[in-house]
Amino acid sequence: MTPGQFIDAALWFPEAGESEPFGPGALVYKVAGQKMFALLTGGSDQGGEDDVPATVNLKCDPGLALELRDQYPAVTPGYHMSKKHWNSVLLDGTVPDDEIAEMLRHSYVLVASSLRRADRDRVLAVLGEDAPDVAGPGTAAPEEA
């Protein structure tokens, strides 16, 4: 997944917003303007080094975070975040796009679930069971059985 594809996927979620509170090159994604669910840094799409892949920090259930770290070398404890609750994912192509999309959805739902009731109910009702489409241009979507 490229940084551009990640940005599109992160902004797909209901009431997701992008800001740069830490300065240029660190894109923060918040739900309902309140709580961060993703942080994207680096990569040529973000004005970073061309030869350094982008990294995204995503919130994760602690048990699942450990499983993902065991399964994918590109998934490590969250850089500059709570190591228990956040993972850093290197966008180097070693983690499948659909897996990153699922991690992103998981992060969004965890964070949205911690909002006050009115906001939580509103954004989660709009989300439903949907997930962002991560198929790039020219990529055929999988056929349904």
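Colleague: In which element is the place of Ala101?

Modeller: This is a predicted model. Helix 3 covers residues 97-113. The place of Ala101 is in helix 3.

Colleague: Is Ala101 buried or exposed?

Modeller: The cut-off for buried is under 20% relative accessible area. Ala101 has a relative accessible area of 7%, so Ala101 is buried.

Colleague: What share of the contacts in the chain between residues at least 6 apart in sequence join residues at least 24 apart?

Modeller: The chain has 145 residues, of which buried residues make up 39%. Among contacts between residues at least 6 apart in sequence, the share joining residues at least 24 apart is 48%.

Colleague: What pattern does the chain follow along the sequence?

Modeller: The secondary structure comes to four helices and six strands. Read along the sequence, these elements follow the pattern α-β-β-β-β-α-β-β-α-α.

Colleague: At what angle do helix 1 and helix 3 pack?

Modeller: Helix 1 takes in residues 3-12, and its axis is 11 Å from that of helix 3. The crossing of the two helices is right-handed. Their packing angle is about 35 degrees.

Colleague: Which residues of helix 3 make the contact with helix 1?

Modeller: By class, the contact has five nonpolar, one polar and one charged residues. Helix 1 brings Gln5, Phe6, Ala9 and Ala10 to the contact. From helix 3 come Asp97, Ile100 and Leu104.

Colleague: Is Ser107 buried or exposed?

Modeller: Ser107 is found in helix 3. Its relative accessible area is 0%, and the cut-off for buried is under 20%, so Ser107 is buried.

Colleague: Leaving aside neighbours within four places in sequence, with which residues is Ser107 in contact?

Modeller: Strand 4 covers residues 55-59, and two of the partners, Leu58 and Lys59, have numbers in that range. With neighbours within four places left aside, the residues in contact with Ser107 are Phe37, Leu58 and Lys59.

Colleague: What is the volume of the largest cavity?

Modeller: The structure holds one cavity of 30 Å³ or more. The volume of the largest cavity is about 40 Å³.

Colleague: Which elements give two or more residues to the lining of the largest cavity?

Modeller: The lining is made of Leu58, Lys59, Cys60, Leu68, Asn87, Met103 and His106. By class, these residues divide into four nonpolar, two polar and one charged. The elements that give two or more residues are strand 4 and helix 3.

Colleague: What is the phi of Glu15?

Modeller: Most residues other than glycine have a negative phi. Glu15 is found in the loop between helix 1 and strand 1. Although Glu15 is not a glycine, its phi is positive, at about 55 degrees.

Colleague: In which loop is Ala32, which has a positive phi although it is not a glycine, found?

Modeller: The phi of Ala32 is about 55 degrees. At 19% relative accessibility, Ala32 counts as buried. Ala32 is found in the loop between strand 2 (26-31) and strand 3 (35-41).

Note on methods. Residues numbered from 1 in each chain as written. Predicted model: local features only at pLDDT ≥ 70, side-chain atom pairs only at ≥ 80, totals over all residues. Heavy atoms only, no water. 1 Å grid on protein atoms, 1.4 Å probe; cavity = no way out; pocket = protein on both sides within 12 Å on 5 of 7 lines; lining within 4 Å. Points joined across faces, edges and corners; volume = space filled by probe spheres on them. Nonpolar A, V, L, I, M, F, W, Y, C, P; charged D, E, K, R; others polar. Buried < 20%, exposed > 50% of the residue type's maximum accessible area, 1.4 Å probe, protein only. Contact = heavy atoms within 4.5 Å. Axes fitted to C-alpha atoms, helices over the stretch in contact; angles between N-to-C directions. Left-handed = near helix turned anticlockwise from the far one by under 90°.
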